[in-house]
Structures are given as C-alpha cells and as structure tokens.
Amino acid sequence: MKASTPAQNLIASTPVVYLRAAIYLTVILCFLAFKVTSLPIFGLALSGASLLSIVVSLPVATPLGRTIAMVFVSAGGLLLWRAGLGFREFIGAYGQMAYLIALFAVLPILAAPIRLGGYSHAIQSLMLGRVKTKFSLNCITTSMAYLCGSFVSMAAIPIMMACMRPVVDNFPLRSEQRFMTVSAISGYVLPLFWTPVSGIVGVVLQSLRMDWFSLFPLLLLLSLVCLGVNWLIFSLIEGSETCPPDQALTAEPSAPDSEYYSSLSDLMQMVFGIFILLLSIVVLEHWMRVGLVTVVTLLAIPAALIWCMLLGKGKRFASEGSREFFDRLPRMADQYAVFLSAGFLATAIALSGTNHMVNELFIKMNEVIGAPLLLLFMPVIALAVSFVGVHPLVGIALLGEALRPEVLGISSTQLAITLVGSSVLTFMLGPFSGTLGLVQTISNTSTFRLAWWNAPYAAGYFCVLCLFILLV
C-alpha cells in the first residue's frame with residue numbers, strides 16, 4: 001500500500017478538518033446574516049469566507065472538482081483584470097453562489113423525520129402483497145419516490161431503493177435492477193421541477209429575479225404531466241403483466257388489514273407534514289422577501305426538529321442530526337470549491353460586461369434560428385456541458401446570470417421553464433450530476449448504463465418540455 005505523504009497527513013489531520021468545517025460553517029452563517037439583515041459587513045465577511053473556503057477546499061477536492069474550480073477562478077480573474085477592475089472588486093466577487101452551498105449543507109437534515117418516523121417501512125408495507133401488476137407497481141414506486149423527492153430531495157433515492165428491494169423479486173420484470181434504478185431516479189427528478197427544496201428552482205429564481213409562487217402552477221403541471229408520461233413509457237416498455245400465481249408474494253405475506261391501514265395512516269401523516277412545510281415556506285418567503293433558498297435554509301433544521309419532537313424523537317434528532325451535520329460538512333470540499341468558484345466566475349462575467357457579449361451571441365443565434373428553436377436548443381447545450389464535467393446547477397446558474405430574456409425577446413417565464421427543464425434532463429442523464437453517481441454506488445451499475453436505461457424516459461420528458469416552452 002502506498003504510504004501517505006506528510007502533506008496528505010497534514011490535510012487529513014483532525015485540527016485541519018475542524019478548521020475547514022469552521023470556515024464552511026462561517027460561509028453559511030454569513031450568507032444567512034447578509035440575506036436577513038442586508039448589512040454590508042456581512043457581505044464583506046461572506047466574500048472573504050468564500051475565498052478562504054475555496055483555498056482550503058482545493059487540496060482535498062477530487063481532481064475533477066479541483067480542475068473545474070481552478071479554471072473558473074482563473075477565467076474570472078482574467079475577466080476582471082482585462083476589465084481594469086481592482087483588488088476590492090476581485091474580493092467582492094466571491095460569495096455569489098453561497099446560497100446553494102447553504103441549501104446543500106442543511107437539506108439532508110430533512111431526511112431525519114422520514115427515517116425516525118418509520119415512513120419508509122410504511123411505503124414498503126403498502127407495496128408488499130397489495131400490488132399485482134408491473135404497471136401498478138411502477139405507479140406506486142414512482143409516486144412514493146415523487147412524494148419523498150419533493151421533501152428530502154436526493155435522499156429519496158436510497159429510501160426508495162431499499163423499500164423496493166424485497167418487492168421486485170416477485171414480479172416478472174426484464175431487469176429488477178433497471179426497474180429499481182429508473183423508478184427511483186424518475187421519482188426523484190420530477191418534483192425538482194417545482195419543489196422549494198430543489199436547488200434547481202432556487203438557482204433559476206435567484207438568477208432571473210422571479211417569484212416562486214407565480215411559476216408554481218406551471219411547473220407543477222409540467223411535473224405531473226411528465227409523471228404521466230413516465231407511466232405511459234413504462235407500459236410501452238414493460239407492459240402491465242400480472243404477477244403469476246407461482247410468483248405470489250409468499251416470502252412476504254400480505255400484511256393484515258390493521259397493519260395496512262396503519263401504513264396508510266403513516267403515509268397520510270407524512271403527506272400532511274410535507275404540505276405544512278411547503279405552506280410555511282411560501283408564507284415565510286412572502287413575509288420576509290429574502291428569497292426561496294434562504295427561507296428553505298432557515299426552516300430546514302427547525303422544521304425537522306419540530307417534526308421529530310412531535311414523533312417523540314426530539315432528543316435522538318438533536319444528537320444524531322448534529323453529529324451527521326458536522327461529519328458531513330468537512331466532506332463538502334467539492335461543492336464549496338466548484339460552486340463558489342462558479343459564483344465568482346458568474347459575478348466576474350457581469351462586472352466585466354462579458355454578459356453583454358453572451359447576450360449578443362444568443363441574439364445572433366436568435367436572429368438565425370428564431371427564439372423557439374433557441375429555447376429548444378438550450379437543454380441540448382446544458383446536457384452537452386454536463387458530459388464534460390460541469391455540474392448542471394453550475395451551467396444553469398451561469399446561463400441564468402448571463403442571459404436577459406428582455407434582450408432576447410422572450411418572456412422570463414419561458415426562460416425559467418427552459419432552464420429548470422434543462423437541469424432536470426441533465427440530472428437524469430449527466431454522468432457528473434450526482435444523481436447517477438449516487439445510484440451507481442448503491443446498485444453497482446455504471447453511470448453510462450444508468451443513462452441508457454433513463455434515455456427513453458428523458459426523451460419523453462424532453463418532448464413535454466418542448467411543448468410547454470412553445471405554448472407558454
């Protein structure tokens with residue numbers, strides 16, 4: 001085994017890890033303080049902490065993350081230098097995408113009520129012995145994953161794959177692994193169109209300065225239509241064959257009616273909790289006017305704590321949740337390096353006037369191919385960029401910051417739907433989006449095979465997205 005170098009030992013030492021965690025936490029706290037108070041001192045502190053976060057993240061980031069961050073910082077610095085801007089502007093350009101970092105840091109905490117409340121067991125009980133056809137199994141699994149994804153985001157994937165594992169053996173599926181992965185991924189990505197806990201929606205709203213409530217009806221409708229398309233495509237690929245008598249769920253007998261109705265009651269409780277959280281987010285955002293992502297970040301921990309207290313698991317949440325949070329924080333080096341450097345580049349593009357050049361490029365494309373084709377081409381651009389290692393949210397954030405719909409002669413709603421839909425497609429197919437990487441870890445299936453399995457469903461979503469873009 002290759003011995004560790006003194007530099008590697010220093011980077012991995014406990015004091016250095018604690019220092020990195022403290023710097024990361026400072027970024028989150030400065031961001032929240034700046035958004036709530038609007039005091040310039042917190043904005044300056046956020047910029048300094050963001051720059052320091054990138055510095056301490058680079059040595060421990062993955063090679064790809066380190067390369068992308070260095071390219072973004074170098075490109076942003078070059079733009080500022082060529083524009084004749086000084087040291088003050090250079091430092092002040094950091095911190096632009098700290099809102100995403102804060103969201104990603106606290107969002108996993110929302111999975112605690114699902115775990116401690118035993119809702120995953122209720123989902124599994126609902127499926128065991130009560131589903132007789134492949135089509136109905138797909139409808140239930142994607143619906144449950146959709147429900148979880150609207151609340152706990154990516155945590156819906158491991159929750160649903162664990163729930164499905166003892167069930168799929170009893171159905172004549174072409175590939176059990178394919179069914180589980182596609183159902184979990186589809187259910188997770190589709191609520192990303194509209195849910196406030198989605199980083200996608202937060203990025204687009206932040207970039208275009210739009211209100212979530214005005215977009216919500218359209219985004220929800222788009223999401224639900226795509227869910228229906230998912231079921232249609234599944235029926236065409238797999239059919240709706242009934243489970244044969246000799247493959248009945250004998251290993252897991254049907255639960256008694258009392259247990260079945262208890263599971264339904266638990267699921268209704270989960271739905272009610274999610275509804276209350278979403279309602280609280282909407283009301284608080286309308287009252288505070290600090291942005292959707294900020295409200296979600298502020299509410300995540302208190303909401304999870306109150307929910308767990310109502311379940312009688314408050315002390316367990318406090319001990320386990322805090323430990324998981326501070327264990328996870330130092331391991332977010334890639335996110336801090338890539339997203340904060342991308343935010344620096346986005347700010348540099350705006351300060352240097354390069355965004356006008358980007359708009360002029362898109363205006364010329366608009367003149368050649370027309371606005372509708374330009375919008376339909378954007379998801380293809382986002383997907384292509386994701387295949388070279390750029391995270392979907394980074395690409396969408398850069399596009400959102402650079403493009404101005406009024407200059408391109410399109411509506412903000414059209415651009416918002418295009419950008420959100422583009423991100424959803426890249427989360428399904430992009431090998432570096434994080435989604436396929438997580439599923440690969442769980443299922444031991446290559447990311448490119450997962451992308452191939454998702455391709456028919458992504459094609460269906462793309463057709464629906466194009467229809468919405470043209471009709472809005």
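Modeller: Start with the contacts. Of those in the protein between residues at least 6 apart in sequence, 82% join residues at least 24 apart. Keep in mind that this is a predicted model. The protein has 24 helices and zero strands. It has 472 residues, and buried residues make up 52% of them.

Now the helix pairs. Two packed helices are described by the angle between their axes and the distance between the axes. Take helix H10, residues 156-168, and helix H11, residues 176-189. Their axes come within 9 Å and cross at roughly 145°. The crossing of H10 and H11 is right-handed. On the H10 side, the contact is made by Ile157, Met160, Met161, Met164, Arg165 and Val168. H11 brings Glu176, Phe179, Met180, Thr181, Ser183, Ala184 and Tyr188. Sorted by class, this contact of H10 with H11 has nine nonpolar, two polar and two charged residues.

Stay with H10 for one more residue. Isoleucine 159 is placed in this helix. Isoleucine 159 counts as buried because its relative accessible area is 16%, and the cut-off for buried is under 20%. Leaving out residues up to four places away in sequence, isoleucine 159 touches Ile114, Ser120 and Val152. Isoleucine 123 lies 36 residues from isoleucine 159 in sequence. In space the two are 9.5 Å apart, C-alpha to C-alpha.

Isoleucine 123 leads us to the core. In soluble globular proteins, nonpolar side chains tend to be buried together. Here the largest nonpolar core has 156 residues. Those with the most contacts inside this core are Ile123, Val189, Met270, Leu329 and Tyr336. Look at tyrosine 336. Again setting aside residues up to four places away in sequence, tyrosine 336 touches Tyr24, Leu25, Val27, Ile28, Ser53, Ile54, Ser57, Ile101, Leu329 and Ser341. One of these partners, Leu329, is itself on the list of residues with the most contacts in the core.

The axes of helix H19, residues 371-386, and helix H22, residues 412-429, come within 9 Å. These axes cross at roughly 35°. H19 passes H22 in a right-handed crossing. From H19 come Leu375, Met378, Pro379, Ala382, Leu383 and Ser386. They meet Gln414, Leu415, Thr418, Ser422, Leu425, Thr426 and Leu429 in H22. By class, the contact of H19 with H22 holds eight nonpolar, five polar and no charged residues.

Next, the aromatic rings. A pair of aromatic rings is described by the distance of the centres and the angle of the planes. The structure holds eleven aromatic pairs. Among them is the pair of phenylalanine 90 and tyrosine 94. Their centres are 5.6 Å apart, with 75° between the planes, and the pair is edge-to-face. Phenylalanine 90 counts as partly exposed because its relative accessibility is 27%. Tyrosine 94 is buried, with a relative accessible area of 4%.

Tyrosine 146 and tryptophan 194 form a tilted pair, 6.5 Å centre to centre, with 40° between the planes. This pair links distant parts of the chain, 48 residues apart. Tyrosine 146 lies in helix H9, residues 134-152. Tryptophan 194 lies in the loop between H11 and helix H12, residues 199-208. Both tyrosine 146 and tryptophan 194 are buried. Tyr146, Trp194, Trp212 and Phe216 form one aromatic cluster.

One more helix residue is worth a look. Threonine 347 lies in helix H17, residues 333-351. Threonine 347 counts as buried, at 14% relative accessibility. Not counting residues up to four places away in sequence, threonine 347 touches Ala93 and Gln96.

Serine 38 sits between helix H2, residues 14-37, and helix H3, residues 40-57. Phi of serine 38 is near 60°, a positive value in a residue other than glycine. Serine 38 counts as exposed because its relative accessibility is 51%, and the cut-off for exposed is over 50%. Arginine 209 is placed in the loop between H12 and helix H13, residues 212-238. Phi of arginine 209 is also positive, near 55°, in a residue other than glycine. Arginine 209 counts as exposed, at 58% relative accessibility.

Conventions: Residues numbered from 1 in each chain as written. Predicted model: local features only at pLDDT ≥ 70, side-chain atom pairs only at ≥ 80, totals over all residues. Heavy atoms only, no water. Axes fitted to C-alpha atoms, helices over the stretch in contact; angles between N-to-C directions. Helix = DSSP H or I, 4+ residues; strand = E, 2+ residues; numbered from the N terminus. Left-handed = near helix turned anticlockwise from the far one by under 90°. Contact = heavy atoms within 4.5 Å. Nonpolar A, V, L, I, M, F, W, Y, C, P; charged D, E, K, R; others polar. Core = buried A, V, L, I, M, F, W, Y, C linked by side-chain atoms within 4.5 Å. Buried < 20%, exposed > 50% of the residue type's maximum accessible area, 1.4 Å probe, protein only. Phe/Tyr/Trp six-rings, centres within 6.5 Å; stacked < 30°, edge-to-face > 60°.
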